[in-house]
Amino acid sequence: MSDLDDIVKEFLVESTENLDQLDRDLVVLEKAPADRATLGSVFRTIHTIKGTCGFFGFTKLEAVTHVGENLLSRLREGLQPLTSDVTTALLHLVDAVRELLGRIEATGGEGDGDYAPLIARLTQLQQAKAIAVVEPTPPPVAKPTGEACAIDASIRVDVSVLDKLMNLVGELVLARNQAVLAAPPTDDASFHRAVQHLTQITRELQDAVMTTRMQPVGVLWDRYPRIIRDLAAQLGKQVRVEFEGSETELDRGILEAVKDSFIHVIRNAIDHGIESPAIRQARGKPAEGLLKMRAAHEGGQVVIEVSDDGGGISPDRVRAKAVENGLISAEQAGRLPDHDAVMMIFLPGFSTADAVTNISGRGVGMDVVKTSIERIGGRLEVQSTLNIGTTLRVRIPLTLAIIPAIILVCDGERFAIPQMSLVQLVRLDRTAAHTSAEQVHGLPVFRLRNELLPLVDLRDVLHLGSVHDRDERTILVVQAEDRRFGLVVDRVLDSQEIVVKPLDEQLKPLTVYSGATILDDGGVGLILDVLGLARAAGVLSPPGRDRVRVRVSPPPPADVQPWLLLESGQDRRFALPMNLVVRIEEVAIDQIESAGRLAVIQYHGDVLPLVKLADALGDPPRPWVGESISVVIFRDDGRLIGLAVDRVVDILEAAPRPQPTAARPGVTGTAVLADRVAELIDVVAVLRLTDPWAVLAAEVGAP
Amino acid sequence: MTTGQFCTFAVAGQHFGVIVDDIHEVIRHRSGSRVPLAPAAVVGLMNLRGRIVPVIDLRTRLGLPPRVADAEPLNVVLRTKDGPKALVVDTIGDVLTLGDTTFEPVPPTFRGPMAELVRGVHKLPDRIVLMLDVPKTLTYTPAAAG
């Protein structure tokens, strides 16, 4: 590619762009075959590509576009109608052209693809019987003059140039600050005026550069009609698409970040939302479903909605599916309000599709969408009415390049944290710092308006200096996904608009940072990623689907896997699959604290609620015995929970054959393990039977 | 390339050379802001005219003891395909033009990081200059080394 002429490069860029337009035009045409303006535009695009590629000697591309042009020319002259067959063939033509352009870009040559069948098909369609020429409507007034102006007024700029401009503007701000600091103190009004003027110019320059990075959301949407058409055809559905607010502008970085998410949402809407024509008619709806995309600016944010008029999401089906997938218990499902039930579609490993299609319904999807939207500081909500339709609303920030942030200090190092992840600041002086730390039964938790927040100390997470040698501390209440937690830092300096810069490639695995920025004195500050911090501190589950994989598809019982053999109560043995266990700890009895009715221990600076196995299974209550107990630690919904047993007997490889005779809540049956009968524990059920976190919140959070 | 114009610098009394074209600039040492949890070789991140540049200590990369407290090291900013990166060295030396005649492959006695990060040696009358493999030296993340 490097030795490719600039002219060829330009041809490729321009043609690729034109193809996106072409996709859209063809779909429009299918609905309105008589739209001569669109037909003309399609014709011109193919004609231009054909003309230019002949010039470069791309013979295959020329041959393919040539027959396409002939066919289009007949359509344009009204010699034959634009049938669905013709549209499909023309879309295939666009695909072929795109493929060829891609190959030219990658290799410089056209490759050895065989386009003879396509050419034959396009030729054959031309021979279709000519229809009587309808009196052509007068062609709309040509608007070449307007187009020419638009071309003259804009130029193509490489994004890296814009990024460099952004950098320089940032530098300019720094240079201004340094100049002001270096200047001797003066009352000279002209100096102050000059500084003020400089400040204003810098700000305007920053705005202007930001503007150049903005692109209308329509750039993203241009590709959708084609995708929607193909999907609908594949699924035997009829879908009409409407766009509103396609001129709404967004930073191109954000557009890039959300583009795949929306395709996913659209797929879901067509696959699961919009019903087949027969069902729709039976429900008294038009056979053709409506998919509507709307974008608008709302209060410094951009709102993008994807609505369909399909079957809606049935809260009951979601509940049933969630129970079936082991995400919640049947009893919890019953208590869940409809709206919350619908929100469960965003849980990892969730899918309501009755049949797994090759389009969606593989159990991955909406959670990925949610994660990628939240990663850029967006929020997601869904409204659904049964048989009326579903609307997915996404709120995203206008730009990622410059964000308001809080600058904080921890162990002498400065960090930035985006304002959008911040809920509240709680400043504590020295005495308050100590009392509130022990305010809640000595647990590293913090109470904020009856909400119990786990505390995460930045010094701990980042392995900075000891948490004990600091005089003051501030709690930043932050939000990661749906969970809030208190981030403990030394002190907050101020808030600044920061320019986000990417971290060195090799530092990217450090997910506690989302980038770095240059602070107003020229120093570098790392930008903290709240989601990454939460995961590092164990406040949220780690990324990936391990937990769900375990729950959704437990390994077949016949498989040999490691089992943990436990003893609890007089000579009673229990076993549970080792793969669910995070750790096993020996805990001295005197380390067990009680928070109300709940027993807890401190575990790596976190509160770890304990569930007594005996209690969970409804056995008679028993006091702690001996000097220490064994605690088997699980991760449940991102939080650690300890299962307290008398002792761990062994870990063994086994394929127990459970006898369901002794099954009861929390126990799936009994099996012979290590020559003795052991009850097999259903860990998820046991943890659900008690839900210690809810108990803890109720205990301590109660007014 | 093992011959051509080399910029030399020293760390713990040993002379190293990198090809002149790889060098962006040499500046007074700044360690920049610490990066908690980063590999030990990353001393910090510094601001180089608006670009955020990782500062990597050559001593750490070579497994050598830290320099004395009052040392005045330098940052050699090197060009890489991922943008500039700074390498902390003890002192900077001359630019030398070296040919094939003095070049020898890495002696088999080299062990550990030295064997890994040196591409060959130039034996000069007064000293030995070790040719540093710049991409490898600047790859400080164990996982990314492959």
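Reader: Which strand of chain A is joined by two bridges to strand β19 (residues 573-577) of chain A, and runs parallel to β19?

Author: In this predicted model, β19 of chain A and its partner run parallel, with two bridges joining them. One bridge links A:Ala575 to A:Leu680. The partner, which spans residues 676-681 of chain A, is strand β28.

Reader: In what sense, parallel or antiparallel, do strand β27 (residues 667-673) of chain A and β28(A) pair?

Author: Six bridges connect β27(A) with β28(A). Among the bridged residues, A:Ala671 has A:Ala678 of β28(A) as its partner. The sense of the pairing of β27(A) with β28(A) is antiparallel.

Reader: Which residue takes a positive phi in the hairpin of β27(A) and β28(A)?

Author: The hairpin of β27(A) and β28(A) has two residues between its strands. A positive phi near 50 degrees occurs there, and the residue that takes it is A:Ala674.

Reader: Which strands are the edge strands of the open sheet of six strands in chain A?

Author: The order in this open sheet of chain A is β20-β24-β25-β23-β22-β21, and its pairing is mixed. The twist from one strand to the next averages 40 degrees. An edge strand pairs on one side only, and in chain A this applies to β20 (581-588) and β21 (593-595).

Reader: Which residue of β24(A) is the bridge partner of A:Glu586?

Author: Strand β24 (residues 628-636) of chain A pairs with β20(A) in the antiparallel sense, over seven bridges. In β24(A), the residue bridged to A:Glu586 is A:Ser630.

Reader: How are α1(A) and α10(A) oriented to each other?

Author: The axes of helix α1 (residues 6-31) and helix α10 (residues 224-235), both of chain A, come within 7 Å and cross at roughly 55 degrees. An angle counts as roughly parallel under 35 degrees and as roughly perpendicular from 65 to 115. The orientation of α1(A) and α10(A) is therefore oblique.

Reader: How many charged residues does the contact of α1(A) with α10(A) have?

Author: A:Asp23, A:Arg24 and A:Val27 in α1(A) meet A:Pro225, A:Arg226 and A:Arg229 in α10(A). By class, this contact has two nonpolar residues and no polar ones, while the number of charged residues is four.

Reader: Which element gives the most to the side of chain A that touches chain B?

Author: Contact between the chains involves 24 residues of chain A and 20 residues of chain B. On the chain A side, α7 (159-182), β9 (413-418), β16 (513-518) and β17 (524-528) each supply at least two residues. The element that gives the most, with four residues, is α7(A).

Methods: Residues are numbered from 1 along each chain as its sequence is written. Chains are lettered from A and ligands numbered from 1 in the order in which they are written. This is a predicted model: local features need pLDDT of at least 70, side-chain atom pairs count only at pLDDT 80 or more; totals for chains, interfaces and linings use all residues. Axes are lines fitted to C-alpha atoms, for helices over the stretch in contact, and angles run from 0 to 180 degrees between N-to-C directions. Angles under 35 degrees count as roughly parallel, over 145 as roughly antiparallel, 65 to 115 as roughly perpendicular and the rest as oblique. Two residues are in contact if their C-beta atoms, placed from the backbone, lie within 7 Å. Ala, Val, Leu, Ile, Met, Phe, Trp, Tyr, Cys and Pro count as nonpolar, Asp, Glu, Lys and Arg as charged, and the others, Gly among them, as polar. Two strands pair if DSSP finds at least two bridges between them.
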